[in-house]
Amino acid sequence: MDTKIINGIRSLAIDMINEAKCGHPGICLGAAPMIYSLFMYHLNFNKDDGTWINRDRFILSAGHGSALLYSTLLYSGYNFDLEDLRKFRKRGSKTPGHPELNTKLGIEMTTGLLGEGLASAVGMAIGEEYLRDILGKELINHYTYVLVSDGDLMEGISYEAASLAGSLKLGRLIVLYDSNNVTLDGKTQGVFDEDVIKRFDSQGWHTDVVANGEDFNSISQAITRAKSVSDKPSIIEVKTIIGIGTSVAGTSEAHGKALSEDDIIRVKEKMNMSRVPFHVSKEAIDFYRDSLDKRISPIYNNWAQTYNAILERNPEKKKILEALEDGIKLNLKNLHINFENNLIEDMRITNSNLMNVISSLSPTFLGGGADIVKSTMTYLEKSGDFKFNNICGKNIHFGVRETSMGAILNGLALSGLKPFGSTFLSFSDFMKPSIRLTAMMNLPVTYIFTHDSIKIGSDGPTHEPIEQLGALRSIPNLTVFRPADVNELVGSWDFIINKKSPVALVIPKEEKGILEGSSIEGTLKGAYVIKREMGRLSGIIISTGSEVETAMQISDELTRKGIMTRVVSVPSKEVFSKQSSEYFLDLFPQGVKIIVLEASNDSSWNEFVYNKRYLLNVNSFGVSGSRKEVLEYMGFDITTLVEKCEKLLK
């Protein structure tokens, strides 16, 4: 019966790909015994409660094998029917080309970018450890399983994430490695020749090998051995044959295109399966579902009883559980976080103080940085460091691993937590694939980017961000905040904490005070008038972040010359874009000249200006020098900017 179910899963997968006329049949045929062994004998889940917080997580990091996942989920009783499978890769279907986050359907994250799933699974495993400590193992004690391909392990992000997982001794993380030595372009020989097991051994992992990928019992036994290791993550290399049973087995021809009709017939005959497309054996599927129910129902029911009892008698744990489900709810404006009017302070310090207030009020708020927390100043005081022997710590030391940090943050957010990660703005480029997935899945991850300006000077062009603001703003569903002062920073955090959505918070390495006219409420609208004109309006200067104070100084100089200007601060273009047209016209009356001042090359500001001459920005890489030298070299000093504005507005 095991073999019949495995072949039934395979048969459905290749039917889906054949119907769509595209897909990846090789992994669906080769890895089916692996995914069957996991689901049948180990994975704890509830098809009727996709948000069960103690469910085991399964991540298909090799997201091109989506047809294998969908057919397995249908067999497992999730809300898929054969018509859903027939619509594989069709618009609006439950079965898109690569898995897309939907826990009610058994899909734990959006995958497809190789390596991201493995790195995010490390985040999930960290989340499990942390939650097990603060909630107790009676409520949290699940495993995180990942299926990876050769391609996943070639990507650098997997090396970074695996290294951190080994250092943190994440014993409830188990990786199944579909080792078939084939990628889309051909054999891995000459491209990927390292001994993967030795690599993971060196990183502190428990390792195992199953020589025959068809031997589902040996795979299951290897998973059992991995579960017995509490102080190491595990990887099980399973030797498989891509496209097994076809005429192109073991070659790249089995990887990324639908099988021929002859091969489909050949495979189905070998598997003793019906040639009728999308045929499912009632006997096999009933046996499989009954077996799952007998194994998992007692586990789920016992957990549910414990959960309800704890909710009744432990209000602190109830509060944490509610935060995991609904997110953090804090009104920073009402917390009486008072700042002296004469405050002059590095904004990173102000930000640190705010973060520590939030941390003290929310156990689900945690995070870290990529080995530069002393510079980004995002350390949570009195919260401890997350380590093997201190899993209640809220400060995660990611090491010099920006690329994997973003994906790990996604895994933490998928665990219900409210994570943050910090680095310099110019290093955000390392993290773009992960940030993109954050936005796709609409996860409440906060990316904190400091050193946001050419003003940092002496570090030179590699550290002076130019194109990063525009790149971040171009990502759909990502809200970018660039606050100009303390009030705007508080408003930014008020938005961040009370929304379950992704945010990039960009702050300077610069001392700032409270700017006259700045507003928390205005920040929550995305844009507002921070300085009004002193007479008949001649022009408007739009600015963000560090440049707002500069814009106000320019406005003062222009006023002395009889040119009356208004300054509009735009801490978040994305939030402002959601305001009414009436509000827009209130800030920007028709017919008034608009100048944009920002030390970036973000071309999206063109929508506000008459022509590019009115966009005062930076279109070349910086130089190494003092702040004054760099600003003068880039034509961004006050004297030059006043002259430019005067010419534009006269």
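How do the residues lining the second largest pocket divide into nonpolar, polar and charged? They split into 6 nonpolar, 8 polar and 7 charged, where Ala, Val, Leu, Ile, Met, Phe, Trp, Tyr, Cys and Pro count as nonpolar, Asp, Glu, Lys and Arg as charged, and the others, Gly among them, as polar.

A note for every view: this is a predicted model, where local features need pLDDT of at least 70, side-chain atom pairs count only at pLDDT 80 or more, and totals for chains, interfaces and linings use all residues. Residues are numbered from 1 along each chain as its sequence is written, and side-chain values use heavy atoms, with hydrogens and water left out.

**View A. The second largest pocket, about 420 Å³.** Its lining has 21 residues, and Lys-573, Glu-574, Val-575, Ser-577 and Lys-578 lie nearest the centre. (A pocket is an open set of points on a 1 Å grid over the protein atoms alone where a 1.4 Å probe fits, with protein on both sides within 12 Å along at least five of seven lines; lining residues have an atom within 4 Å of a point. Points are joined across faces, edges and corners, and the volume is the space filled by probe spheres set on them.) Helix 22 (573–576) and helix 18 (468–473) each give two or more residues, and helix 22 gives the most, with 4. (Helices, H or I with at least four residues, and strands, E with at least two, are DSSP runs numbered from the N terminus.)

**View B. The largest pocket, about 770 Å³.** Of its 35 lining residues, Thr-51, Leu-324, Glu-325, Leu-414 and Gly-416 are closest to the centre. The lining divides into 19 nonpolar, 9 polar and 7 charged residues.

View C. (Rings of Phe, Tyr and Trp, using its six-membered ring, pair if their centres lie within 6.5 Å; planes under 30 degrees apart are stacked, over 60 edge-to-face, the rest tilted.) Trp-52 sits in the loop between helix 3 (32–41) and strand 1 (57–60) and Trp-303 in helix 12 (residues 282–313), so the pair ties together parts 251 residues apart in sequence. Trp-52 is buried at 2% relative accessibility, and Trp-303 is buried at 9%. (Buried means under 20% relative accessible area, exposed over 50%, partly exposed in between, with a 1.4 Å probe and protein chains only.)

**View D. Phe-584 and Phe-588 form a tilted pair.** The centres are 5.2 Å apart and the planes 50 degrees. Phe-584 is partly exposed at 33%, whereas Phe-588 is buried at 4%.
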